[in-house]
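Q: I have a model open here and a few quick things to ask. Can you take me through them?

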Amino acid sequence: MILTLSLSAITFSVSAEGSCNWYIKRNKNERPGFPGNADEIREYDAYYIDDKCSDNGKEKKLYLTFDAGYENGNIEKILNVLKEEKVSAAFFILDNLILKNTDLVCRMAEEGHLVCNHTKNHKDLSAASEEEIAKNLTALEKIYEEKTGREMAKYFRFPEGKYSVESLKILQKLGYKTIFWSFAYDDWDNGRQPDPKRAMKKVLDNTHNGAVILFHPNSSTNAEILPTLIAEWRKMGYSFGTLDELTAK
């Protein structure tokens, strides 16, 4: 049985098994709306916005995160921009990227970015058992360590934002902090890339203080607009934080 609610063209589904889809109800340059259980999931080390940064606060901070499954030339371009602009980000990756683009993944870590767990194979783990979740995440950790000689950062993002409270409890038990987001847009489809000018406007019109921003680095639009976006964000008074800062107690 699936119950589906519609909120301003954004769909939120809850299954009988307790699986949910993370969604955002945008509110222009102010804090957006979140799912009804958003406050509840905080106790399981889940984060989606920096509550230390209020809409009218003096400190203005953003957190850049990228869900990266494969390289098509644009991840390298984005890394070049981040290096030039001296901005740190977090990359949630799959095994495909580690296996096929090891040098690129090593570069992420070497240049100060967090390399984080997005599952081994983009599998929906929202209804998975503790054994299944541990097996999937550990498999990616091992591949990362074997290929890079490093330990993967203990941050996790659910594929497509499909989660459950029970899976959050399991992740916490495994030592992970779960990172959702407070802004994302339709940037992932290589065959339907957003117009750069419209994308810029959409991002800037919805940038809010403390935002955890989700981009997909395979996006040619993101690779094109990122230098200008960073410049505009800085003009707006924003600096860029890390997930270690976001999750610090």
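Q: Cysteines to start. How far is the sulfur of cysteine 106 from the closest cysteine sulfur?
A: Keep in mind that this is a predicted model. The sulfur of cysteine 106 is 15 Å from the closest cysteine sulfur, which belongs to cysteine 116.

Q: How many disulfides turn up in the whole structure?
A: The search finds 0 disulfides.

Q: Is cysteine 106 buried or exposed?
A: Cysteine 106 is buried, at 13% relative accessibility. Buried means under 20%.

Q: And cysteine 20, buried or exposed?
A: Cysteine 20 is buried as well, with a relative accessibility of 8%.

Q: New topic: helices. At what angle do α5 and α6 cross?
A: Roughly 55°. The axes of α5 (residues 130–148) and α6 (residues 165–173) come within 10 Å. That angle makes α5 oblique to α6.

Q: Left-handed or right-handed crossing?
A: α5 passes α6 in a right-handed crossing.

Q: Which residues make the contact?
A: From α5, the contact uses Glu130, Ile133 and Leu137. From α6, Ser167, Ile170, Leu171 and Lys173 take part. By class, the contact of α5 with α6 has 4 nonpolar, 1 polar and 2 charged residues.

Q: Which residues of α6 are buried?
A: Val165, Ser167, Leu168, Ile170 and Leu171.

Q: What covers them?
A: The cover over the buried residues of α6 includes α5, plus α1 (38–41). Strands contribute too: β4 (46–47), β8 (155–156), β9 (162–163) and β10 are among the elements covering α6.

Q: What comes after α6?
A: Glycine 175 follows α6, and its phi is positive, near 90°.

Q: You mentioned β10. Where is threonine 178?
A: Threonine 178 sits in strand β10, residues 177–179. Threonine 178 is buried, at 0% relative accessibility.

Q: What does threonine 178 touch?
A: Leaving out residues up to four places away in sequence, threonine 178 touches Asp45, Ala46, Tyr47, Phe156, Phe158, Leu168 and Leu171. Leu168 and Leu171 are also among the buried residues of α6.

Q: Last one. Where is lysine 77?
A: Lysine 77 is in helix α2, residues 74–85. Lysine 77 is partly exposed, with a relative accessible area of 48%.

Q: How far is lysine 77 from proline 217?
A: Their C-alpha atoms are separated by 8.8 Å. Along the chain, lysine 77 and proline 217 are 140 residues apart.

Key. Residues are numbered from 1 along each chain as its sequence is written. This is a predicted model: local features need pLDDT of at least 70, side-chain atom pairs count only at pLDDT 80 or more; totals for chains, interfaces and linings use all residues. Side-chain values use heavy atoms; hydrogens and water are left out. Axes are lines fitted to C-alpha atoms, for helices over the stretch in contact, and angles run from 0 to 180 degrees between N-to-C directions. Helices (H or I, at least four residues) and strands (E, at least two) are DSSP runs, numbered from the N terminus. Angles under 35 degrees count as roughly parallel, over 145 as roughly antiparallel, 65 to 115 as roughly perpendicular and the rest as oblique. A crossing is left-handed if the near helix is turned anticlockwise from the far one by less than a right angle, and right-handed if clockwise. Contact means heavy atoms within 4.5 Å. Ala, Val, Leu, Ile, Met, Phe, Trp, Tyr, Cys and Pro count as nonpolar, Asp, Glu, Lys and Arg as charged, and the others, Gly among them, as polar. A disulfide is a pair of cysteine sulfur atoms within 2.5 Å. Buried means under 20% relative accessible area, exposed over 50%, partly exposed in between (1.4 Å probe, protein chains only).
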